[in-house]
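Hi everyone, thanks for coming. Please have a look at the structure on the screen, and I'll talk you through it.

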Amino acid sequence: MPADFPPWDRVYAFFRRWRDRGLVREFHDRVRGQVRERAGHDALPTAGVIDSQSVKADAVVGAGTRGFDGGKLANGRKRHVVVDTLGLLLGVMVTAADVGDRAAAHILLEQVAAAHHRLALVWADGGYTGSLIEHGLAAFALVLAIVKRSDNMKGFVVLPKRWIIERLFAHLMRSRRLARDFERRIASAEAMIYWSMAALMTRRLARPHRGRG
């Protein structure tokens, strides 16, 4: 902890209380609305991007909430995330790393659609194809648009829309607390992500505003 903070256990007690009462996410969502309005957008998003990120888990993470992602060769947890077109967090769900993207998306998209009633379009990569597209349209009135990588592409290629969520993942990995998953509880892992993004947006709001033109 920084030298001017109280003892860590007192600070963590506040975090735990805010986590259990949903205050971390509420604070995050209020700041996100301010950031969107300051950028000239409506506070309520209409489009987003979905993707996942697998991270290694610390030894304190129990076997019941961790798994092995064979594609990313990561033994830990997976962060399933939806962001708006500015790259601001709309929803996150943390699972064991062996949970498939489509299985998690069925639950996460339902949560995000319930919280953001104007959301109508979500971009995704090829891992979200299949019945999820029809399910999203029928159950949540969400159009799931798949942004595929062409077979003749070689090396690193910036794909439309998908780079937006990759920027958020890069921010999370720059945080020492989030570079690995250190949380015993899934709820704490999710709350830490909301907290990190709220802190980033608060710093953005503190900068002098430069209007358009």
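The protein has a mean pLDDT of 90, and 91% of its residues reach 70 or more; pLDDT is the predictor's confidence in each residue, from 0 to 100. This is a predicted model, where local features need pLDDT of at least 70 and side-chain atom pairs count only at 80 or more, while totals for chains, interfaces and linings use all residues. Residues are numbered from 1 along each chain as its sequence is written, and side-chain values use heavy atoms, leaving out hydrogens and water.

Now, two helices. Helices here are DSSP runs of H or I with at least four residues, numbered from the N terminus. How do α2 and α6 cross? The axes of α2 (residues 23–38) and α6 (residues 186–206) come within 9 Å and cross at roughly 35°. Axes are lines fitted to C-alpha atoms over the stretch in contact, with angles from 0 to 180 degrees between N-to-C directions. Contact means heavy atoms within 4.5 Å, and the residues making it include F27 and V31 of α2 and W195 and M201 of α6. They divide into 12 nonpolar, 3 polar and 4 charged. Nonpolar covers Ala, Val, Leu, Ile, Met, Phe, Trp, Tyr, Cys and Pro, charged covers Asp, Glu, Lys and Arg, and the others, Gly among them, are polar.
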